[in-house]
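Hello! Here is the structure I promised to pass on to you. Have a look at it first, and then read my notes below.

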Amino acid sequence: MNHHLVLRVVTKILVPVILLFGLYVQFHGDYGPGGGFQAGVIFAAGIILYGLVFGLDAAKQVAPPLIVQRLMAFGVLLYAGVGVVTLALGENYLDYDILHPDLEHHTGQHYGILAVELGVGITVATVMMLLFYGFAGRNFDIKDEDW
Amino acid sequence: MLDFVTEHLPALQVVVPLIAAPVILLYQKEAFAWGWALLTTWTTFALSGLLVHEVFSQEFISYDLGGWAPPLGIEYRVDAANALVIAIVAGIAALVTTYARKSIQAEVQGRNQPFFYVLLLLCVSGLIGVAITGDAFNLFVFLEISSLSTYTMVALGGRRDRRAYTAAIRYLITGTIGATFYVIGVGLLYMVTGTLNMADLAVSIAGMDNNTTVQAAFAFIVIGLGLKVAIFPLHLWLPNAYTYAPSVVTIFLAATSTKVAVYALMRFLFTVFGIRFDFELDSLAFLFLPLAIMGMFIPSIVAAFQVDVKRLLAYSSVAQIGYMLLGISLATSASLTATSIHLFNHALMKAALFMALGAVMLRLKSTIIDDLAGIGKTMPWTTAGFALGGLSLIGVPLTVGFVSKWLLIQASFASQQPWLAGLIVVSSLIAVVYVWRVVEVAYFSPVPEGRVRQEAPLSMLIPMWVLVAANIYFGIDTDITIRLASLAAEALLGGAP
């Protein structure tokens with residue numbers, strides 16, 4: 001894509017904005033539309049756009065597959081881990097009220113949903129990236145005679 | 001500690017394998033993956049034992065997830081019916097993981113081996129989730145968790161035979177249609193009632209017999225789950241998926257996944273819709289019963305002509321689903337007891353048979369019937385295990401297969417349909433034909449030249465023989481299983497107030 005000057009310049013301008021917007025949707029999800037799932041997709045779209053324009057290897061340098069894969073597992077563990085914390089504190093699984101004593105303002109619910117949504121965001125973003133790596137990096141190793 | 005575990009048992013039952021699965025991704029070594037999966041599945045099995053114990057002492061356990069009270073919140077509701085299914089899934093998972101290592105090393109590509117254990121744990125979590133939840137939409141979510149991991153596990157067989165990929169895609173498409181139909185049905189029910197909690201749904205739709213939306217929801221849910229169950233004409237995904245998946249995957253799927261789907265179907269038919277629902281009674285009599293009978297015969301006959309023994313057993317599984325469906329279509333307490341016990345018994349026999357085949361695959365690299373010549377001499381323990389499992393499949397007395405069929409025959413007499421008993425006996429005779437074909441080749445064909453005695457490793461023989469022993473033990477001492485199965489039938493029928 002070396003000759004597509006406009007594409008490259010626009011991408012360089014857009015990618016940080018997309019990533020920032022992803023983070024906004026992630027952390028503003030409590031107050032407005034959004035949340036972990038949407039944020040994860042937007043964040044991954046930034047990386048994927050970068051990969052489409054500058055090549056798969058460049059994207060893999062920014063987000064190495066090995067780390068992306070570990071983060072994918074980490075997101076699930078973060079979500080489930082919040083549940084384990086509430087269990088350990090003596091309430092039902094994923095009952096966020098126990099996380100903070102201020103029940104009137106539902107602060108515990110707030111903390112809980114923030115952590116859980118972060119887990120969702122991380123896992124969704126990394127799964128999207130891995131799907132992109134998987135399809136884009138696929139070499140057609142199935143020869144005709146193999147069938 | 002035990003109090004804590006007992007109090008949060010329903011949540012732990014699902015969460016333990018769910019949390020354990022991504023941990024393997026963090027440290028992808030085959031030995032660690034196997035050991036970790038082994039620890040997890042046996043823990044899950046222990047938890048399911050506690051759950052069964054709890055259900056014997058109280059009618060049902062209800063757990064509010066996240067502290068939100070049902071019907072608004074998601075409720076995990078365990079009675080005898082799902083405790084039985086959870087125990088099947090967890091027990092088979094523990095034995096399969098014990099058995100798996102050598103077979104997976106031989107059949108799955110090296111770097112994919114740790115991933116297999118991730119998928120297995122996810123699948124266990126999903127299947128237990130389907131069984132444990134009392135929320136219709138939550139059931140869909142767990143159904144997808146288990147199905148997606150299943151499709152991938154089937155595709156892992158692609159190293160041995162590339163047809164595994166097409167089998168997996170076909171399963172994916174059919175399975176997704178099934179799940180979509182199910183969720184459409186749940187959506188329609190939600191439209192009418194405004195609730196997703198199963199117990200609450202049962203109360204709300206009582207007396208809505210002539211509501212066409214409820215009837216459409218019934219049709220969508222039954223067909224959707226029917227695809228997952230592999231009811232006779234909807235079974236086309238099953239034979240290829242079972243044949244080309246790695247042996248360990250076939251063992252696990254054959255013993256658990258269709259069982260869980262049968263449970264979900266029964267839960268909807270009898271607890272949510274309830275047999276006072278006229279539309280359902282007609283469907284049971286004029287749709288389920290004929291399909292059950294066709295299912296008992298046609299796949300059995302097809303099985304008798306197969307050359308690949310794995311495929312033969314896959315068709316036999318479809319036929320066995322016919323028996324379960326027969327119990328469902330009679331819709332009495334006795335017939336549901338027979339179906340519930342057959343869920344358990346069929347899991348025992350098919351797991352034992354497929355484990356024997358997995359051992360054959362490890363040593364001979366083939367399950368084509370002609371290649372099995374003389375394995376009675378080269379692999380005596382494996383072949384003996386297969387033969388005993390086969391006897392159980394036929395329904396010979398002193399095995400679990402006999403218990404299932406006996407109860408089913410009693411149920412058909414009790415329902416004033418003695419001709420069904422005759423059909424059950426005749427279809428069992430077809431099972432004699434296909435089991436005999438394998439036994440004949442194994443014991444009475446000469447050993448090919450150059451083949452030496454090469455028994456399967458102990459790590460595979462022990463789980464296999466535990467299951468074979470269970471086939472005989474539960475065929476003689478039927479106290480626990482019949483008690484649990486009849487409690488399950490009562491829970492299914494009497495669950496709706």
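In helix α18(B), the buried residues include B:L420, B:I424, B:I430, B:Y434 and B:V438; buried means that 20 or more other C-beta atoms, placed from the backbone, lie within 10 Å of the residue's own. Among the elements that cover them are α12 (278-304) and α13 (309-330) of chain B. Helices here are DSSP runs (H or I, at least four residues), numbered from the N terminus. The 27 residues of α18(B) should span 39 Å at 1.5 Å a residue, and its end C-alpha atoms are 38 Å apart, which agrees; the expected span is 1.5 Å times one less than the number of residues.

Please keep in mind that this is a predicted model: local features need pLDDT of at least 70 and side-chain atom pairs count only at pLDDT 80 or more, while totals for chains, interfaces and linings use all residues. Residues are numbered from 1 along each chain as its sequence is written, and chains are lettered from A and ligands numbered from 1 in the order in which they are written.

How do α2(B) and α3(B) pack? Their axes (lines fitted to C-alpha atoms over the stretch in contact) are 9 Å apart, at an angle of about 175° on a scale from 0 to 180 degrees between N-to-C directions. The two helices are therefore roughly antiparallel, the word for angles over 145 degrees.

Finally, 17 residues of chain A are in contact with 14 residues of chain B, contact being C-beta atoms, placed from the backbone, within 7 Å.

Enjoy exploring!

Notes:
Contact = placed C-beta atoms within 7 Å. Parallel < 35°, antiparallel > 145°, perpendicular 65-115°, else oblique. Buried ≥ 20, exposed ≤ 12 C-beta atoms within 10 Å, placed from the backbone.
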